[in-house]
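Biologist: Please show me the model. I want to ask about its pockets.

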Amino acid sequence: MDIKVLPLPVDMKKDKIKDETRLGFGKLFTDRMLIAEWKAGNGWCDARIQPYAPFVLDPACLVFHYAQEIFEGLKAYKWDDGRIAFFRPEMNARRFNQSAERMCMAEVPEELFIKGIEQLVALEQDWVPTAAGTSLYIRPTMIAVEPVLGVKPSEHYYFYVILSPVGAYYAAGFNPVSILVEDHYVRAVPGGTGEAKTGGNYASSLKAGLEAKKKGFDQVLWLDGRERRYIEEVGAMNMFFVYGEKIVTAPLDGSILSGVTRDSVLKLAPTLGYQVEERKIDVNELFDDIRAGKVTEAFGSGTAAVITPVGRLCYKDECLQLTEGKVGKITQNLYDTLTGIQTGKIVDTFGWVKFIE
Ligand code: COI
């Protein structure tokens with residue numbers, strides 16, 4: 001599909017980044033965006049790169065009432081030789097369409113998804129930051145824009161991509177976060193939408209997150225929705241627990257997100273000499289194992305969160321400290337290797353990195 005490039009008027013050009021070390025996450029957006037439309041009977045049409053601008057939408061659009069919406073998150077990095085590298089974009093394209101299928105939305109052709117992002121980022125490459133720990137975060141999104149109040153799949157969608165130069169997701173940067181195991185609210189149930197990257201999953205996590213924040217935690221760790229016993233994920237991250245030289249994470253059983261970084265950690269860790277295991281993790285056994293010193297580190301993984309060390313983990317009335325509040329050795333090794341591959345400092349033997357063609 002041909003993507004039209006509309007002119008960017010001079011007065012729509014934004015000021016460039018002033019200080020790359022103070023970007024934060026998702027607060028600043030670049031000059032242009034990609035948009036394409038899908039209509040029942042017509043398929044995809046009108047793909048264009050245009051100036052970044054607000055939408056004018058009918059207040060009856062299905063997305064506003066019944067949350068028919070999906071999104072993705074991936075990153076681009078500017079290497080020292082000036083090339084722009086993407087990390088496993090085909091995984092995001094595939095997961096986007098899995099989410100689309102679950103939410104009864106139109107599938108986006110992989111070519112439109114990947115080539116569209118490449119073309120947009122090529123035009124916006126001056127916005128890719130280069131300071132340590134920064135990148136260009138790419139947010140592909142699809143929303144249902146048919147204006148109708150009956151509950152049904154939309155017959156009109158916008159697929160769009162916006163770009164945001166970012167630093168660390170957590171304000172503390174690459175430092176251990178404090179996590180509360182949530183024993184009241186649940187994020188997902190078997191047969192629900194937990195595996196889909198859809199806005200509703202994040203909206204329904206807000207109450208627990210807010211209550212945890214008031215108690216001084218950065219995030220909540222969800223338990224399974226049936227027994228409230230097995231570790232699932234932390235909304236913005238999959239979770240890993242380090243048992244000596246073995247790294248354990250929850251299996252993909254339909255209610256957690258199939259993380260690209262999760263998959264990368266599972267493939268990378270054995271090459272660094274660690275064993276990996278995907279298994280159900282009972283929260284009571286986990287706490288026994290932390291108390292007994294068998295669990296030596298914990299960390300989360302995600303595109304935004306990269307690899308985030310966990311320093312304090314609390315469940316009901318008990319708080320346990322891991323790695324004395326420091327970054328664990330294995331967590332650091334995985335972080336350095338993964339970000340090294342993404343930024344071209346370490347050779348990519350996996351074929352994960354893609355450049356703009
Ligand atoms: C990502 O890691 O890309 C996500 O979409 C998580 C989001 C909560 C920032």
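Modeller: What follows is a short exchange on the pockets of this predicted model.

Biologist: Where does the largest pocket lie relative to domain 1 (4-166) and domain 2 (177-343)?

Modeller: Look at which domains line the largest pocket. Domain 1 (4-166) and domain 2 (177-343) both give residues to the lining. The largest pocket therefore lies between them.

Biologist: Which residues lie nearest the centre of the largest pocket?

Modeller: The volume of the largest pocket is about 990 Å³. Its lining has 44 residues. Nearest the centre are Tyr169, Tyr202, Gln219, Gly235 and Ala236.

Biologist: Which helix gives the largest share of the lining of the largest pocket?

Modeller: That share is four residues. They fall within 206-214. The element is helix H5.

Biologist: Which element gives the most to the lining of the second largest pocket?

Modeller: The second largest pocket holds about 650 Å³ of space. Strand E5 (74-78), strand E16 (306-315) and helix H8 (329-342) each give two or more residues to its lining. With five residues, the top contributor is H8.

Biologist: Which residues lie nearest the centre of the second largest pocket?

Modeller: Domain 1 (4-166) and domain 2 (177-343) each supply at least three residues to the lining of the second largest pocket. That lining has 31 residues. Nearest the centre are Ala132, Gly133, Thr134, Tyr335 and Thr339.

Technical notes:
Residues are numbered from 1 along each chain as its sequence is written. This is a predicted model: local features need pLDDT of at least 70, side-chain atom pairs count only at pLDDT 80 or more; totals for chains, interfaces and linings use all residues. Side-chain values use heavy atoms; hydrogens and water are left out. On a 1 Å grid over the protein atoms alone, a cavity is a set of points where a 1.4 Å probe fits but cannot get out, and a pocket is an open set with protein on both sides within 12 Å along at least five of seven lines; lining residues have an atom within 4 Å of a point. Grid points are joined across faces, edges and corners, and a volume is the space filled by probe spheres set on the points. Domain bounds come from an automatic or database domain assignment.
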